[in-house]
Amino acid sequence: MSSTHHVTTESKPVRLLLIAAAAFILGLFLLLPLVAVFAEALRRGWELFLASLKEEEAWSAVKLTLMAAGLSVPLNTLFGLSAAWLVTKFRFRGRAFLLSLIDLPFAVSPVIAGLVWVLLFGAHGWFGPWLAEHDIRIIFALPGIVIATVFVTFPFVARELIPLMESQGSDQEEAAVTLGAGGWRIFRSVTLPSIKWGLMYGVLLCNARAMGEFGAVSVVSGHIRGETNTLPLHIEVLYNEYQFSAAFACATILALLALVTLGIKSLVEHLSGHSSNGRH
Amino acid sequence: MSITIRSIHKTFGSYKALEDVSLDVPDGSLTALLGPSGSGKTTLLRIVAGLEFADDGPGKVLFHGEDVSGVPAGKRGVGFVFQHYALFKHMTVGENIGFGLTTLPRSNRPKKAEIGDRVRELLKLVKLEGLEKRRPHELSGGQRQRVALARALAIKPKVLLLDEPFGALDAQVRKDLRRWLRIFHDEIGLTTLFVTHDQEEALELADQVVVMRNARIEQVGSPQEIYDQPRSPFVYEFLGNVNKVALNEDSNQYIRPHEIEVCFAAEHDPASGRLAKIQHLFSAGPVATLTVRLDDGQFLDVELSRKQLDDLALDVGDEISLKLGSAAP
């Protein structure tokens with residue numbers, strides 16, 4: 001046995017077998033679908049692919065998706081930061097309950113997450129008549145889509161920050177307090193710089209999910225073509241109408257968004273010295 | 001500036017951290033809060049700093065006679081050095097030290113260049129010239145400790161508070177830094193209160209030692225008073241280096257190893273001495289330590305000079321007679 005042989009290393013056939021199994025599963029479940037999306041989209045040629053993307057309804061879906069994500073991600077960044085700050089820097093009654101409440105959107109089915117809002121704000125819902133009187137549209141309109149997206153993506157930022165802030169403790173903040181810094185100054189120059197990579201990572205995940213959300217948004221949107229269809233909903237409509245190439249063409253936009261997100265995520269991890277977060 | 005603490009109570013839920021604690025820290029003194037973990041010493045320090053507030057009641061903290069109980073930490077003018085230093089990780093050493101000056105209200109905030117001068121002045125004071133641009137993770141434990149000290153001093157505090165200042169350092173650095181801190185304190189003359197669980201550190205460094213136990217103050221005095229006249233068995237035992245000799249079921253005698261007189265068994269006088277057998281002998285260094293077994297089976301440590309050991313020509317297994325002196329509490 002050579003002196004460089006490591007005690008935890010398996011024999012060569014076992015290693016090869018494990019690597020092959022991992023590569024096979026990665027290829028089958030992760031790489032193949034991605035390739036299939038692009039292959040299917042381009043099957044009838046570039047012309048059709050580009051034509052599908054140029055269509056007005058597709059564009060309005062893209063715009064709506066960007067708008068929904070553009071509104072819900074900043075909101076959840078704010079909520080997530082506040083929630084993480086609250087549960088990690090303070091000890092109070094009901095803290096454990098609040099912690100599990102933050103996870104609720106992960107636990108319930110997105111369909112239910114959508115139905116709740118219909119129940120509250122729909123035409124026959126609790127606040128429906130009042131909303132109708134004042135001519136405010138929430139369900140089957142942009143506000144409903146944003147509310148549903150906010151609900152579903154709420155835990156991403158908070159969940160990313162809580163363990164990080166928990167492990168850092170409040171020593172640095174306390175030091176800043178004794179040096180005369182006020183709350184905002186402490187947040188800006190002590191807390192934020194030490195959580196910035198975790199925060200960015202949470203925001204990216206939140207954004208990825210916000211753009212891809214289907215279930216909850218599907219319930220509240222009402223599927224009005226060119227008006228309340230987000231990109232995932234639009235793809236489903238096209239698919240159900242057997243417009244496979246168009247459906248896959250739109251799917252490539254979502255896939256590209258996902259790839260960009262992954263790229264930025266890797267960059268963030270690289271810049272932050274990746275292992276410090278040590279997750280995923 | 002003197003610190004006066006009056007009838008402080010502090011509870012965390014149902015846990016009593018401090019019970020009716022009063023203490024005077026004289027102006028310019030170096031005072032140690034000494035006690036085992038859970039005795040309330042850190043809580044007391046944090047209450048003085050304003051990082052924690054005492055329970056409602058008559059409890060008060062006064063700086064130079066002025067009640068500061070309601071004054072927030074940032075306005076009390078305390079320099080606080082945390083146990084693990086709590087340096088701002090993403091800032092340079094210079095930015096860390098200058099932080100307290102940049103938080104001042106715009107009207108009396110020094111100009112950038114002045115802050116820079118002050119930072120360099122402080123770095124010189126703590127003997128870290130030239131490390132201004134380093135980051136905390138590039139420094140050794142002792143260096144970080146001194147950066148934390150410089151950062152606390154930058155705001156020209158009225159009192160300096162240190163939580164386990166040497167707790168996270170290894171033995172040699174600890175000793176050097178301890179000596180340095182004593183000299184440093186004598187030079188700047190700032191009223192200083194520090195927390196420690198190391199009796200040697202407290203006795204060696206402080207002018208005044210406050211022994212704490214179970215949320216209360218057990219004894220206050222100069223290191224010599226505390227060592228020579230411990231007021232309770234707890235203080236005796238906590239200061240360490242002491243033999244506890246059971247006289248009967250409920251009374252003990254405390255005697256320090258060097259206070260025991262050793263003679264030959266042949267000279268034994270049953271009225272004043274106890275017979276014992278040497279179990280172990282440790283004689284590296286100027287002082288020899290014997291572990292002996294009394295006739296009733298109790299073990300004691302006895303210290304004597306190397307010369308005395310050589311004169312008596314003692315060895316493991318020898319019978320000796322010990323004079324334990326009069327019974328102390």
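Into which domains is chain B divided? Chain B of this predicted model comprises domain 1, spanning 3–237, and domain 2, spanning 253–323. Please select these two ranges in separate colours; their centres, taken over C-alpha atoms, are separated by 42 Å. For the complex, the predictor gives an ipTM of 0.82 and a pTM of 0.78.

**First stop: B:Ile3**

Select B:Ile3, which belongs to strand 1 (residues 3–12) of chain B. Is this residue buried or exposed? B:Ile3 counts as buried because 24 C-beta neighbours lie inside 10 Å, where 20 or more are required. Beyond its neighbours within four places in sequence, B:Ile3 is in contact with B:Val25, B:Val48, B:Phe63, B:Val159, B:Thr191 and B:Leu193. Next, draw a distance from B:Ile3 to B:Pro110, 107 residues apart along the chain: their C-alpha atoms are separated by 29 Å.

**Second stop: the nonpolar cores**

Now select B:Ala32, B:Leu33, B:Val48, B:Ala150, B:Leu161, B:Leu193 and B:Val210. Within the largest nonpolar core, which has 77 residues, these touch the most other members. Helix 5 (residues 141–153) of chain B gives the most to this core, contributing six residues. Centre the view on B:Leu33. Setting aside neighbours within four places in sequence, the contacts of B:Leu33 are B:Lys41, B:Leu44, B:Leu45, B:Leu193, B:Val195, B:Val210 and B:Met212. A second, separate core holds 56 residues, including A:Phe154, A:Leu161, A:Met211 and A:Val220.

**Third stop: where the chains meet**

Display both chains together. How many residues does each chain bring to the contact? Chain B brings 17 residues and chain A brings 13 residues. On the side of chain B that touches chain A, helix 2 (73–76), strand 6 (78–81) and helix 3 (93–102) each supply at least two residues. By type, the residues of this side of chain B are eleven nonpolar, five polar and one charged.

Select chain A, which is divided into domain 1 (1–41) and domain 2 (45–276). The C-alpha centres of these two domains of chain A lie 33 Å apart. Where they touch, five residues of domain 1 of chain A are in contact with eight residues of domain 2 of chain A. The residues on the domain 1 side of this contact divide into four nonpolar, no polar and one charged.

Notes: Residues numbered from 1 in each chain as written. Chains lettered and ligands numbered in written order. Predicted model: local features only at pLDDT ≥ 70, side-chain atom pairs only at ≥ 80, totals over all residues. Core = buried A, V, L, I, M, F, W, Y, C linked by C-beta atoms within 7 Å. Buried ≥ 20, exposed ≤ 12 C-beta atoms within 10 Å, placed from the backbone. Helix = DSSP H or I, 4+ residues; strand = E, 2+ residues; numbered from the N terminus. Contact = placed C-beta atoms within 7 Å. Domains from an automatic or database assignment. Nonpolar A, V, L, I, M, F, W, Y, C, P; charged D, E, K, R; others polar.
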